[in-house]
Amino acid sequence: MANTLRSRLASWDYILAALVVVLLVTASLVQPGFSGGFNFANSVSQMSDKALLVLPLALLIIAREIDISVASIAGLSGVVLGMALQAGLPLALAITLAMLAGTLCGALNALLVTVVGLPSLVVTLGTLALFRGLCYVLLGGAPITDVPPSLITFGNETLPGTYLPWDIVPFLVLAPLFALYLHRTATGRRTYAIGGGPEIAVYSGVRVNRIRFGLFVVSGLVAALAGVITVARTSQAAPDGALGFELDAITVVFLGGVSVLGGKGRMPGVCWALVLVVALRSMLQLANVSGYAQGAAVGLLLILSLLITNTTHRIHAALTSRRLRKVPVPRPAGP
Amino acid sequence: MITTSAREQHASPRGRALLTWFAGSTTAGPLVALLVAIAVFALTTDTFFTVDNGSLIVQQVLVTGTLAIGQTLVILTAGIDLANAAIMVLGTLVIARLAGEGGVPALAALAVGIVLCTALGGVSGVLVTRLKLPPFIVTLGMLSVLTATSQLYASGQSFPVTSPLLTWLGERRYLFGQIELTVGMGVMVLLTAGIWFALTQTSWGRNVYAVGDDEEATRLSGVNTKRVILSVYLLAGFVYAIAAWQALGRIPNADPNAFQLGNLESITAVVIGGTSLFGGRGSIPGTILGALVVTVLANGLTQAGIDSLYQQVATGILVIVAVAVDRLVRGRAT
């Protein structure tokens with residue numbers, strides 16, 4: 001059983017990888033300018049902050065929780081960064097303060113979910129409004145454009161001699177770490193156990209609430225980092241920074257084969273899904289499709305990705321039940 | 001157990017009845033919250049506790065309250081609808097644009113809007129029932145698709161409505177020459193009564209509660225649960241269409257950027273109204289009280305001179321506090 005499960009999930013990774021290759025090849029053939037280095041750098045840089053949000057969100061959804069306040073935390077951290085810079089603090093200290101703000105936001109979510117025992121969907125729906133509201137209260141609607149040149153360089157330049165933008169570097173560093181945590185550590189296994197069945201995990205001696213708490217705090221911290229990148233990329237700290245990013249992040253996680261019910265999904269799949277969404281957005285952008293229509297496409301992709309995973313699960317279930325039926329069953333007497 | 005019965009023996013029969021009602025009723029909590037909010041604002045501001053402001057609050061509650069009625073139906077089935085305000089906004093845009101530059105008769109435009117909203121509710125319903133997707137994800141996807149559709153359809157414009165039919169719900173009538181009432185209030189009363197009747201007095205309503213409580217058990221006892229859930233989403237879509245009509249009556253201008261917090265406010269109203277997010281428990285009167293609490297708070301904060309920037313913060317805190325209080329009062333075993 002464990003074997004078939006693993007092979008099925010692995011094959012989902014391969015399907016996604018194949019889809020990515022097909023999309024990339026078609027795009028570079030059909031869309032002039034798609035395969036250019038400039039477009040690569042531009043598309044990757046545009047997704048660099050959303051990509052970061054995906055990592056902790058994947059862990060949370062595997063643990064049968066969700067954090068839809070990530071984009072608001074990123075926005076609030078960006079606002080804190082901007083205000084600290086405006087107050088004349090050095091960049092390093094300002095970034096530390098922004099990260100601290102994000103961590104505190106994550107800790108508030110964690111507290112409400114683990115200590116008070118509220119469902120994470122409602123908690124983070126509430127904090128989504130709360131943190132975004134604080135952005136507007138703090139800034140009063142006007143963005144801070146007083147961003148030091150070094151930060152703007154980080155958000156807009158590529159590594160010397162390459163087409164790799166600087167702002168994707170944090171993701172490239174963190175993604176392997178998250179994959180290692182999930183697939184190679186005991187706590188990673190326990191994360192799956194919580195998602196598979198929280199009660200059973202409790203009775204197996206997993207400190208469920210401690211792990212949940214940690215995941216929400218990490219989510220806040222990484223979201224804060226994403227917020228810093230948003231400020232660097234857009235050269236301003238705006239109250240609506242990173243607005244609506246949670247939708248892209250959630251779409252990527254589900255498209256990557258993580259189950260809505262928790263307990264299933266792998267980091268490689270999530271990363272392939274991320275590449276797929278980056279490529280799709282880049283294609284739409286080159287085809288002059290407006291931002292709103294891109295949003296609609298991502299929303300459709302979210303529903304489609306669930307449909308696909310759902311259907312494959314059902315086909316799989318049908319196949320296994322047919323296999324079971326072949327086993328001779330003693331027939332009950334009578335009609 | 002022992003302490004409860006000891007306390008019950010000491011309490012007078014009337015006091016005991018009151019206690020039992022308080023613990024068992026879904027409307028007691030929101031009623032107390034509403035009275036407290038009204039008392040606080042009446043004491044701290046001069047302008048809050050007046051006939052004019054009371055009328056204003058009731059007018060303000062119409063849209064949120066109507067959205068919250070639809071939201072209650074969905075949440076009773078253990079679902080959640082994040083797209084309700086987006087469906088309503090698209091409804092207002094389609095009605096206003098058809099009746100305005102489209103030159104379609106107002107009645108036909110309204111009918112198109114009602115059919116559209118109902119159908120969009122149905123789309124969510126089909127995705128939830130036939131394809132067994134979680135309502136939260138389905139409506140999150142719908143929210144982004146519909147928000148984008150509204151923006152593309154409006155292409156940066158807003159559409160004023162002038163037709164008397166479309167603004168009819170905002171028409172004012174005066175009671176005793178003093179108290180300002182609108183036609184929309186009457187529609188709201190009818191809608192509330194109708195949905196309340198359907199939920200509490202019909203077998204369909206029983207099934208809605210049963211499905212929310214335990215879908216599998218309800219299915220095994222012979223109820224077509226998929227049909228019940230689909231009907232709930234369709235009815236919710238229709239209710240959002242009424243909300244669109246109410247919105248046009250209140251402000252005769254369809255704006256794609258309006259009501260962005262509508263989904264959150266309606267969920268807050270439903271949760272404050274004592275409806276369980278796990279389904280199967282809740283009531284329409286509770287939701288109306290919840291919507292009044294949300295509106296009184298927003299109105300009261302404005303009267304107290306607090307910047308409207310704080311309203312999103314207040315809404316966020318309110319939804320968390322409401323769920324937390326619900327959890328503390330009813331215990332963890334929900």
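H4 of chain A passes H5 of chain A in a right-handed crossing. That's my starting point today. A reminder: this is a predicted model.

Stay with that pair. H4(A) covers residues 91-114, and H5(A) covers residues 120-139. They pack at an angle of about 145°. Their axes are 10 Å apart. Who makes the contact? From H4(A), the residues are A:Cys105, A:Leu108, A:Asn109, A:Leu112 and A:Val113. From H5(A), we have A:Ser120, A:Val123, A:Thr124, A:Thr127 and A:Phe131. Sort them by class, and you get 6 nonpolar and 4 polar residues. No charged residue takes part in this contact of H4(A) with H5(A).

Next, H10 of chain A. This helix runs from residue 208 to 234, 27 residues in total. From first C-alpha to last, H10(A) reaches 39 Å. That is close to the 39 Å expected at 1.5 Å a residue. Is H10(A) mostly covered or mostly uncovered? Mostly covered: 21 of its 27 residues are buried.

Last, the two chains together. Chain B gives 34 residues to the contact, and chain A gives 34. Look at the chain B side. Three helices each supply at least two residues there: H7 (135-154), H12 (262-272) and H14 (310-330). Which of them has the largest share? H7(B), with 12 residues. By class, the side of chain B that touches chain A has 23 nonpolar, 8 polar and 3 charged residues.

That's it from me. Over to you.

Conventions
Residues are numbered from 1 along each chain as its sequence is written. Chains are lettered from A and ligands numbered from 1 in the order in which they are written. This is a predicted model: local features need pLDDT of at least 70, side-chain atom pairs count only at pLDDT 80 or more; totals for chains, interfaces and linings use all residues. Helices (H or I, at least four residues) and strands (E, at least two) are DSSP runs, numbered from the N terminus. The expected span of a helix is 1.5 Å times one less than its number of residues. A residue is buried if 20 or more other C-beta atoms lie within 10 Å of its own, exposed if 12 or fewer, and partly exposed in between; C-beta atoms are placed from the backbone. Two residues are in contact if their C-beta atoms, placed from the backbone, lie within 7 Å. Ala, Val, Leu, Ile, Met, Phe, Trp, Tyr, Cys and Pro count as nonpolar, Asp, Glu, Lys and Arg as charged, and the others, Gly among them, as polar. Axes are lines fitted to C-alpha atoms, for helices over the stretch in contact, and angles run from 0 to 180 degrees between N-to-C directions. A crossing is left-handed if the near helix is turned anticlockwise from the far one by less than a right angle, and right-handed if clockwise.
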